[in-house]
Amino acid sequence: MKMSISRLNLFLLFFHLLILQFSPRISAIRKDVGFQGRRICKNTVLGRYLLSDDNGHVCDALSLNPQSRCCPEKGEKFSCHGCNVVSECCDSYEYCVSCCLNPSRIKEEQVMNVKVAKPATAGKYSNVFDFCAGRCRHNSESVVHENAYLSDFHHCFSLPSNSSAANYTFLEARLNGINVLVGRTCYGVDGRRGQSCDSVCKSKGQSCVPNKLLVLNQCDIMQKYMSCKGTCLASIGPDQPAEVVDDAPEDLNPGACLFTQTQSMLSCYGSHQHTRRLCPCA
């Protein structure tokens with residue numbers, strides 16, 4: 001009986017020693033098991049071959065980190081590969097999102113009040129990535145006749161043309177330092193002709209700023225500088241944004257403002273004999 005008690009005491013002593021020996025290691029291991037600090041990326045997940053994450057990187061699906069869902073942080077960040085930075089349209093969805101995420105192009109305060117869809121009950125974007133991912137998808141402004149794209153650059157991240165009052169403030173902010181001028185039409189030896197923005201700006205000793213044409217190509221903005229006779233129509237032409245002169249033929253909608261649906265056509269050099277151009281000069 002005494003021997004059994006002695007053996008039991010030795011066993012308990014040995015067990016306590018084991019606990020004391022390994023408890024620091026167990027504690028250290030527990031401290032190391034911490035994945036709470038790892039950031040999980042949002043990504044587009046839509047492409048067949050590529051995807052873009054919310055850091056602004058583009059990669060293929062095989063390169064994606066399966067745990068963080070982030071692309072490798074190598075290569076160009078906020079890449080605009082295959083994009084027309086003037087029209088803010090791209091030929092691929094993933095690079096459209098990447099280019100859009102650049103803080104110098106789209107700012108968070110600009111998108112927080114943009115609605116996800118046109119209905120009054122539609123919600124608003126909560127962050128820049130969601131705006132870019134949603135805006136770069138095909139939308140009604142990049143198609144014609146509802147079944148064909150206006151151009152190969154049909155992934156666009158510019159603010160919607162039918163912008164809300166809140167967005168109007170941000171559009172105006174993008175015109176800081178820009179002298180907005182309205183062209184005119186005149187008669188010459190070869191008949192009536194309109195002024196190009198290049199001509200309008202040069203007449204004031206300034207130059208046309210092509211990347212601001214996209215900002216002026218908005219109904220809300222045009223109605224500030226032109227009468228528009230209550231009408232703003234989508235059109236296609238290098239002379240837009242513009243207003244049709246009052247004495248134009250009836251089929252040209254006299255007095256109406258026109259914004260171009262083909263943003264890649266925006267140019268400082270276009271003109272039309274029956275329109276007055278709206279021009280960004282500096």
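Colleague: Let's begin with strand E14. How many of its seven residues are buried?
Modeller: This is a predicted model, so take everything I say as a reading of that model. In strand E14, residues 275–281, six of the seven residues are buried, so the strand is largely enclosed by the rest of the structure.

Colleague: Which strand pairs with E14 over four bridges?
Modeller: That's strand E8, residues 179–182, and the two pair in the antiparallel sense. To find the spot, look for Val180, whose bridge partner in E14 is Pro280.

Colleague: And which strand is joined to E14 by three bridges?
Modeller: Strand E12, residues 242–244, which also runs antiparallel to E14. There you can see Val244 standing opposite Thr275 of E14.

Colleague: Which salt bridge does Arg276 form?
Modeller: Arg276 forms one with Glu243, and their closest N and O atoms are 2.3 Å apart. Arg276 belongs to strand E14 and Glu243 to strand E12, so this pair ties together parts that are 33 residues apart in sequence.

Colleague: Is Glu243 buried or exposed?
Modeller: Glu243 counts as buried, at 4% relative accessibility. Arg276, on the other hand, is partly exposed, with a relative accessible area of 28%.

Colleague: While we're on salt bridges, how many are there in the whole structure?
Modeller: A search of the whole structure finds five. Another one of them joins Lys229 and Asp246, with 2.9 Å between the closest N and O atoms.

Colleague: Where do Lys229 and Asp246 sit?
Modeller: Both are in loops: Lys229 lies between helix H8 (219–225) and strand E11 (232–235), while Asp246 lies between E12 and strand E13 (257–260). They are 17 residues apart, and the pair links distant parts of the chain. Lys229 is exposed, at 52% relative accessible area, and Asp246 is exposed too, at 54%.

Colleague: Changing topic: which residues touch the most other members of the largest nonpolar core?
Modeller: Those are Val97, Leu101, Ile106, Phe131, Cys132 and Phe157, out of 22 residues in that core. Helix H2 (93–100) and helix H4 (128–135) each supply at least two of the core's residues. There's another core apart from that one, with 14 residues, including Cys219, Ile221, Met226 and Leu278.

Colleague: What does Leu101 touch, leaving out residues up to four places away in sequence?
Modeller: Its contacts are Asp53, Asp54, Gly56, Phe78, Val128, Phe129 and Cys132.

Colleague: How many aromatic pairs does the structure hold?
Modeller: One. The rings are those of Tyr125 and Phe131, arranged edge-to-face with 5.5 Å centre to centre and 85° between the planes. Tyr125 is buried at 12% relative accessible area, and Phe131 counts as buried at 0%.

Colleague: What about Cys197, where is that found?
Modeller: Cys197 is in helix H6, residues 197–202. It is buried, with a relative accessible area of 0%. Leaving out residues up to four places away in sequence, Cys197 touches Cys208, Leu213, Cys268, Gly270, Arg277, Leu278, Cys279 and Pro280. For Arg277, 80 residues apart from Cys197 along the chain, the C-alpha atoms of the two are separated by 6.7 Å.

Colleague: One last thing: in what order do the three strands of the open sheet come?
Modeller: The order is E3-E4-E7, with antiparallel pairing. Strand E3 (83–84) and strand E7 (155–156) stand at the edges with a single partner strand each, so one side of each is left without a neighbour in the sheet. Two bridges join E3 to strand E4, residues 89–90, and Cys83 stands opposite Cys90 in E4.

Notes. Residues are numbered from 1 along each chain as its sequence is written. This is a predicted model: local features need pLDDT of at least 70, side-chain atom pairs count only at pLDDT 80 or more; totals for chains, interfaces and linings use all residues. Side-chain values use heavy atoms; hydrogens and water are left out. A nonpolar core is a set of buried Ala, Val, Leu, Ile, Met, Phe, Trp, Tyr and Cys residues joined through side-chain atoms within 4.5 Å. Buried means under 20% relative accessible area, exposed over 50%, partly exposed in between (1.4 Å probe, protein chains only). Contact means heavy atoms within 4.5 Å. Two strands pair if DSSP finds at least two bridges between them. Rings of Phe, Tyr and Trp (its six-membered ring) pair if their centres lie within 6.5 Å; planes under 30 degrees apart count as stacked, over 60 as edge-to-face and the rest as tilted. A salt bridge is a side-chain nitrogen of Lys or Arg within 4 Å of a carboxyl oxygen of Asp or Glu.
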